2 protein chains.
Amino acid sequence: MTKIPYKINLSEDELPKYWQNIRPYMQEAPDPFINPVTFKPCTADDLRPVFCDELIEQELDNTNKFIEIQEEIRDFYKMYRPSPLTRAYNLEKALGTPAEIYYKFEGTNTSGSHKLNSAVAQVYYAKQQGLTHLTTETGAGQWGTALSMACGYFGIDLSVYMVKVSAEQKPYRKAVMETYGARVIPSPSDTTEVGRRILAENPGTGGSLGCAISEAMEVSMKTDNCRYVLGSVLNHVVLHQSIIGLETKLGLDKYGVQPDIVIGCAGGGSNLGGLITPFMADKLEGKNNIHFIAVEPASCPSLTRGRYAFDFGDTGQTTPLMRMYTLGSGFMPSPNHSGGLRYHGMSPIVSKLYHDGMMEARSVEQTKVFEAATMFCRCEGTLPAPESSHAIRVAMDEAIKCRETGEKKVIVFGLTGTGYFDLAAYQAYNQGTMVDYVPTDEDLEKGFATLPKVEY
Amino acid sequence: MTKIPYKINLSEDELPKYWQNIRPYMQEAPDPFINPVTFKPCTADDLRPVFCDELIEQELDNTNKFIEIQEEIRDFYKMYRPSPLTRAYNLEKALGTPAEIYYKFEGTNTSGSHKLNSAVAQVYYAKQQGLTHLTTETGAGQWGTALSMACGYFGIDLSVYMVKVSAEQKPYRKAVMETYGARVIPSPSDTTEVGRRILAENPGTGGSLGCAISEAMEVSMKTDNCRYVLGSVLNHVVLHQSIIGLETKLGLDKYGVQPDIVIGCAGGGSNLGGLITPFMADKLEGKNNIHFIAVEPASCPSLTRGRYAFDFGDTGQTTPLMRMYTLGSGFMPSPNHSGGLRYHGMSPIVSKLYHDGMMEARSVEQTKVFEAATMFCRCEGTLPAPESSHAIRVAMDEAIKCRETGEKKVIVFGLTGTGYFDLAAYQAYNQGTMVDYVPTDEDLEKGFATLPKVEY
């Protein structure tokens with residue numbers, strides 16, 4: 001058999017020309033969004049004041065299996081894609097496992113994560129629609145950075161509302177966004193009504209993602225030629241992220257490799273959804289029996305301990321209602337170094353697949369995650385993001401099982417990004433001061449109490 | 001003609017199996033090192049207490065044109081090499097130039113720079129020799145990070161003496177090295193005689209590279225099975241870095257492209273020396289007439305304003321004397337955000353080639369460098385290291401000249417690394433607080449006054 005290289009690189013010609021939409025393959029599509037005022041399914045017109053037209057079409061499209069990636073988006077992708085698919089020979093050796101481990105690495109661009117795959121598409125459509133301004137929020141900063149890059153490239157004015165405590169803890173994230181030309185406003189701010197109200201009520205607050213979303217949405221509604229954009233959860237974001245899975249499948253196919261297990265970390269679910277799309281589509285058509293595993297932090301266990309219910313996407317309770325696994329929009333996740341996984345809900349697509357029994361979910365504690373991250377970077381050279389390291393942890397656990405059973409399983413996981421901006425977390429782990437938080441049942445009940453009553 | 005892809009990726013099979021040694025191609029080799037006590041040329045035995053045996057052999061080898069890269073080193077290389085060679089289509093378009101611009105990107109590994117190419121080789125040879133400990137110094141942190149990765153991989157105990165002020169300014173650099181298992185000691189420290197002496201004399205000092213070198217060398221001499229390793233300047237480091245140039249040439253050859261101009265930034269000279277090696281070898285054999293440009297900061301202009309003289313490699317004046325372009329080991333470079341280019345001397349190989357008229361040197365001011373860096377990252381997506389951005393600046397200047405003359409020159413430059421740990425510098429540039437420093441002639445005279453008198 002052909003020796004599999006350390007890195008499976010695809011050529012530019014092999015860059016997918018279509019995204020794949022998982023919804024048409026599902027026996028039953030995810031429930032529609034519900035308008036929180038009328039309690040009726042959202043129409044395109046309901047969404048138009050907030051989102052770009054093309055993205056709304058993609059959001060509501062349960063029919064088309066493949067959607068073309070425009071030439072301009074492909075040209076941008078070519079600056080950093082196809083991304084490498086790596087055989088983790090050194091990790092396999094260190095673990096003494098007969099398993100084959102592969103990871104798809106999305107951190108080879110400055111934004112440092114997979115978020116760029118959707119950012120460039122969203123900005124392109126905004127530009128096509130003649131929009132000149134965009135707003136968004138960012139917590140950990142990956143999404144804000146990716147969107148800043150895309151806006152810098154296409155010449156769109158961008159305002160990023162960044163959770164104040166993150167902006168203070170990560171001044172360099174702010175500096176990157178500003179270098180790409182974005183305006184970064186620590187939230188809550190005095191630039192919006194909601195911000196001023198929150199500041200008056202809580203003068204010393206460090207802000208929250210919910211508040212940043214509310215500020216970004218308010219500004220987008222009040223600004224000419226402006227829309228609000230979001231980096232995860234939504235169907236069109238999962239669609240754009242299918243490029244990850246499509247390239248992964250192509251790379252593995254080239255060497256005749258068929259995965260037994262596919263693993264991804266899950267915060268809002270876009271990376272996981274994108275990674276599994278082509279494999280899951282085949283599974284839904286009965287063509288494989290791959291074991292999919294979603295990994296989430298024990299501190300924010302939406303899939304493993306949440307409810308499948310209609311809920312708001314933001315803490316401010318202003319978005320349409322989505323049926324998803326959720327801890328309740330009022331759930332306050334405990335401190336955790338994986339900012340990108342601290343979200344109360346989960347992509348409706350991923351939620352539905354999980355609800356239908358098509359995948360497993362596991363939660364892991366952060367010290368176990370950093371133990372895996374440290375071993376990984378010593379073997380494989382790349383310093384992984386804490387978020388991505390959730391997938392590493394479970395991939396290692398599965399490989400260790402194979403060592404015990406002697407099975408030669410093929411394990412594939414998504415390495416969504418690098419940890420260059422998360423070194424305070426590594427520092428805490430190195431110094432032994434990192435703590436694990438697991439919410440009690442009472443903590444969860446408080447979150448569930450904020451779920452809306454929906455009749456549909 | 002074949003359309004040149006955005007990224008020219010070589011396969012693992014195309015990874016060079018030999019490093020190329022530029023010295024046998026030179027009409028006259030660089031002068032030998034001089035023992036600062038006997039004033040006679042250094043022998044291998046003079047160097048043995050400090051350096052690994054195999055590296056000494058490579059250091060003194062003026063004869064062999066190609067030196068084999070061992071399988072174990074190649075296996076490590078495969079984790080991040082061949083590195084991408086990128087056609088800067090977007091930058092060309094933004095500049096409106098008829099020139100073709102290519103850059104070889106060495107920042108796709110966690111250490112974030114080309115330093116890893118030599119680190120892995122040096123650690124491998126140390127391991128082969130049965131050594132168990134290594135020491136080194138680091139200023140900006142790229143070299144310390146690269147060496148930590150390599151030592152983590154091969155299981156060698158590493159002590160990194162990090163200039164105290166850098167350790168304080170860049171706590172995250174320290175965290176990365178510790179994650180790879182290295183011990184990081186802010187220098188001056190109380191762990192060495194020289195450190196204690198300096199601390200007693202200057203209680204509040206922030207340290208210097210010269211002092212960190214002295215501490216690292218002292219510890220290596222006093223520790224069993226230990227040697228000291230260095231990340232630039234020396235001939236064997238330039239040799240290891242030839243992998244950059246070899247891959248670049250191979251990639252360009254694949255598409256029938258012949259460069260007109262090759263540009264690299266120059267601090268200690270290892271990246272520049274490695275990048276130009278195969279092209280310069282051809283030029284020395286009369287096979288091309290490529291224009292080579294070394295770019296250095298105006299604040300530390302060793303090539304453009306220094307003297308070609310025998311000098312110490314360290315401020316502590318303990319190393320062998322090397323004939324090179326130097327500002328004097330006592331020269332104090334003004335503050336500049338390109339820590340990796342703040343070195344008083346220059347690789348003897350690069351110095352000799354420059355002295356023989358084989359290349360041009362230019363110095364640039366840092367605000368001009370960050371102007372170029374900002375434009376580059378908005379067009380090409382990658383946030384460049386300040387050091388690398390010196391090469392970007394001159395590549396852009398040359399491309400702009402082509403716009404004026406209409407010439408379709410092929411410009412190739414080395415993008416040595418990423419700027420993820422240099423965001424304080426970008427912040428200063430964004431906020432308009434960055435200042436340019438250029439030493440006066442009097443400043444230079446003070447440095448030259450520290451040059452040793454050598455009779456040879």
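## Exercises on a two-chain model

The count between chain A and chain B is zero salt bridges. Keep in mind that this is a predicted model. Let's work through some exercises together.

**Exercise 1. What does the interface of chain A and chain B consist of, in residues, area and polar contacts?**

Step 1: start with the residues. On chain A, 40 residues are in contact with 40 residues of chain B.

Step 2: turn to area. The two chains bury about 3,800 Å² between them, and carbon and sulfur atoms carry 55% of it. On the chain A side, A:Thr179, A:Arg378 and A:Tyr420 lose the most area to chain B, together 18% of what that side buries.

Step 3: look at the polar pairs. Between chain A and chain B there are 20 residue pairs in polar contact, while the count of salt bridges is zero.

Step 4: find the elements involved. α6 (142-154), α8 (171-179), α15 (366-380) and α17 (423-430) of chain A each give two or more residues to the side that touches chain B. Of the elements in chain A, α8(A) gives the most to this side, with six residues.

**Exercise 2. How many salt bridges cross the interface of domain 1 and domain 2 of chain A?**

Step 1: locate the domains. In chain A, domain 1 covers 7-16 + 73-112 + 234-448, and domain 2 covers 116-228. Their C-alpha centres lie 25 Å apart.

Step 2: describe where they touch. Here 25 residues of domain 1 of chain A are in contact with 24 residues of domain 2 of chain A. The area buried between these domains is about 2,100 Å², with 64% from carbon and sulfur atoms.

Step 3: count. The rule finds one salt bridge across this interface. A salt bridge joins the side chains of A:Asp422 and A:Lys170, at 3.5 Å from N to O.

Step 4: On the domain 1 side, α3 (71-77) and α11 (235-254) of chain A each supply at least two residues, and α11(A) gives the most, with six residues.

Technical notes
Residues are numbered from 1 along each chain as its sequence is written. Chains are lettered from A and ligands numbered from 1 in the order in which they are written. This is a predicted model: local features need pLDDT of at least 70, side-chain atom pairs count only at pLDDT 80 or more; totals for chains, interfaces and linings use all residues. Side-chain values use heavy atoms; hydrogens and water are left out. Domain bounds come from an automatic or database domain assignment. Contact means heavy atoms within 4.5 Å. Buried area is the accessible area (1.4 Å probe) that two parts lose on being put together, summed over both. A salt bridge is a side-chain nitrogen of Lys or Arg within 4 Å of a carboxyl oxygen of Asp or Glu. Helices (H or I, at least four residues) and strands (E, at least two) are DSSP runs, numbered from the N terminus. A polar contact is a pair of N or O atoms within 3.5 Å; within protein, one must be able to donate a hydrogen and the other to accept it, and residues adjacent in sequence count only if both atoms are side-chain atoms.
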